[in-house]
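Subject: Structure for your review

Dear colleague,

Please find below the structure that I am handing over to you. My findings follow directly after it.

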Amino acid sequence: MALAKKYYPRNSGLTPRITGLIRSGFGPGAGRGFIMAGVAIVVVISAMSIFAPYISPHDPTQISVGPANSPPSSAFPLGTDQYGRDLLSRTIWGGRFILLVAVTAVVICLAVGVPIGLASAYRGGNVDRSVSLVMDSMYAFPSLVLAIVIIGVFGVNIVNEAIALAVVYVPSYYRVVRSQVLTIKELPYVEAARSIGGKSGHILLKYVLPNVLPSIVVVATINFADSILTTAGLDFIGLGLPVNLPDWGIDLTYGRAALAQGAWWVILFSGLMILLSALGFGLISEGLSERRGQE
Amino acid sequence: MTLRTYIATRIALTLPMLLFLLTLVFFVMRILPGNPVLLRFEKNADPQLIAAYTHRLGLDIPLWQQYWNYLVGILHGDLGQSMVTFEPVSEQIFSRFPATLELTFYSFIIAVVVGIILGSWAARRPYSKVDGGIKLYGILVYAFPVFFLGMLFQLVFGIWLGLLPVGGRTDVGMVPQGLTLGAFHLQTGLYTLDALLGGNLTQFVVALKYLLLPSLTLGLVISGIFVRITRSNMLETFKMEFVTAARARGLKESTVVYGYVLRNALLPVITIMGLEFALLLSGAVLTETEFNILGLGTYLVDRITFRDYTAVQGTVVFLAVLISAISLIVDVLYAYLDPRIRL
């Protein structure tokens, strides 16, 4: 047993693959700078969002903590908005919901897109053809327009937003997983597993999935960036998060009104935070794919 | 496979996609709670009035029949009437579409130019500092919320410097009327084109000034992906034997890069870029909202809040047809220019 583990570590299940993936992601090699920078940004922003109640100086929804529309000052380092709310506190709190929506969307996508991609490609035939047709038609359609229609129809709330994002992005996962499985399922070790009587589910889980995993990670990280940007976009056209929440997208949207009077600080910090979050995930994804390209 | 069967197959493949999207939007919008009739009336409105209104919108017949009627209508190019204004949806879409087309066209040009320049520059020195910097630019613009970039441009060029208008399509009274030759009248709704057709240079310049910030915003955000496509395609082309042969003959590196590699990489690059049209449309919705452009994106956002089923369906159908048509044209063009695809 120990011998088998020593000599066949590649396909011996998911857990060593995941730890191996983490180790190979941070180790020296191509794209390390991008990965490190991205992880640093993501960690800082996540920590800020999680610990917001402990580090924010004011209640982000409390109106008139200061004068309305005042520029950055020592009392309010990032200024205040049109209701006199403290923008530093709002910036610290503002990631909680948008990131939560993105995380939920990515989890749903992983739970739905990956199994469908695995099964569809492995089965092949007419099932695969019909599923691909549906997925491709969704993939070809403008993601934001699809999300707008879904939310417009189902109604505006956090759950629907996460569902809409998941529907829009499941095809990306499906396509990547499917194309990988189509190659992997023809490889000798899969054929060997089948020839000794391995069941489909077993082969998919133990032999195919571990080798698709690196691609899934790349898709999921860039999908985080996409989800954050789409959520902000939905906020912007009034189909996003509820207006009363402290949220970067909401601040960016409602800060437009003050922009004409030259109050740049309302949009600047909320916009930069959205940009930074998407950038963090974008950097990780870029680094990882660069690393994979050099393997 | 001949070119003709190739085109026929491609068209046959896009039809199911259209039908799928259409059916989905049709049923989901009708099955879910909230409808345009109830949005229009108070809670205790006269039931007879509601019934009459429902009848006028054709919502009182069985769902399957509504669906059938709608499909038959589409085959005749009829997208139905708006459930709020009662105007024909196709007319509204065609009055809104030119603004979107103009915006996406100029944005596409900007993205292609930036993409090819930066992409080929990066491909000349892969894994160098320049390449890294250009890669960083690509990730940065990709991560930019398009409307945030638009706001920054508005703030700097519109509000602080006062150089460019921050919204709309042209000045009051400057809408170009297009070309009139006796009884013949041609007006495209594309302001820059109409101004040129009418021979009015001032109108052209004004329209261009209004277009500059929105197209720059959308174009730059999309350019990141175009840089990446150009770079990777050129790197692939560099591995080809004819490049080695060109170098072996002692040609200057710049001749090799721009005369051989870029020329051969350009065709697939532009084809792939054409397929990114859906991305351009998503960005256009936000850019139109940010710059108050009355295009298809703002139309969709506006109609969906009224639960104007027919208008939303019409827009989705129109966009799906548009995307299918573009991917078809791009594909066919590629097959026509590169006979290997048809094999």
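Apart from its neighbours within four places in sequence, A:V149 is in contact with B:V25, B:I304, B:V312 and B:V316. Please keep in mind throughout that this is a predicted model. A:V149 is also one of the residues that touch the most other members of the largest nonpolar core, together with A:V145, A:A147 and A:I148. That core holds 150 residues, and α11(A) supplies its largest share, namely 16 residues. There is a second, separate core of nine residues, among them B:L193, B:A195, B:V206 and B:A207.

The contact between the chains draws on 35 residues of chain A and 36 residues of chain B. On the side of chain A that touches chain B, the elements giving two or more residues are α7 (125–140), α8 (143–154), α11 (200–236), α13 (256–259) and α14 (264–293). Of these, α14(A) gives the most, with 10 residues. By class, this side of chain A comprises 26 nonpolar, seven polar and two charged residues.

One residue of helix α8 of chain A deserves a separate remark, namely A:F154. The C-alpha atoms of A:F154 and A:G84 are separated by 34 Å, and the two residues are 70 apart along the chain.

As to confidence, chain A has an average pLDDT of 87, and 94% of its residues score at least 70. Residues 1–9 of chain A, however, have a pLDDT below 50, and this stretch has two contacts in the model beyond near neighbours in sequence. Where pLDDT is low, the predicted coordinates should not be read in detail.

Turning to chain B, its secondary structure consists of 14 helices and two strands. The C-alpha trace of chain B spans about 85 × 55 × 50 Å along its principal axes. Chain B has 343 residues, of which 39% count as buried. Among its contacts between residues at least 6 apart in sequence, 71% join residues at least 24 apart.

Within chain B, helix α5 (residues 89–124) packs with helix α13 (residues 296–305) at an angle of about 130°, and their axes are 7 Å apart. On the α5(B) side the contact is made by B:Q92, B:I93, B:R96, B:F97 and B:T100, and on the α13(B) side by B:L296, B:G297 and B:Y299. By class, this contact has four nonpolar, three polar and one charged residues.

Finally, two residues of chain B call for attention on account of their backbone angles. Most residues other than glycine have a negative phi. B:Y127, although not a glycine, has a positive phi of about 60°. B:Y127 lies in the loop between α5 and α6 (129–143) of chain B and is exposed, as 12 other C-beta atoms lie within 10 Å. B:N292, likewise a residue other than glycine, has a positive phi near 50°. The position of B:N292 is in the loop between α12 (277–290) and α13 of chain B. With 13 C-beta neighbours inside 10 Å, B:N292 counts as partly exposed.

Yours sincerely

How values were computed. Residues are numbered from 1 along each chain as its sequence is written. Chains are lettered from A and ligands numbered from 1 in the order in which they are written. This is a predicted model: local features need pLDDT of at least 70, side-chain atom pairs count only at pLDDT 80 or more; totals for chains, interfaces and linings use all residues. Two residues are in contact if their C-beta atoms, placed from the backbone, lie within 7 Å. Helices (H or I, at least four residues) and strands (E, at least two) are DSSP runs, numbered from the N terminus. Ala, Val, Leu, Ile, Met, Phe, Trp, Tyr, Cys and Pro count as nonpolar, Asp, Glu, Lys and Arg as charged, and the others, Gly among them, as polar. A nonpolar core is a set of buried Ala, Val, Leu, Ile, Met, Phe, Trp, Tyr and Cys residues joined through C-beta atoms within 7 Å. A residue is buried if 20 or more other C-beta atoms lie within 10 Å of its own, exposed if 12 or fewer, and partly exposed in between; C-beta atoms are placed from the backbone. pLDDT is the predictor's confidence in each residue, from 0 to 100. Axes are lines fitted to C-alpha atoms, for helices over the stretch in contact, and angles run from 0 to 180 degrees between N-to-C directions.
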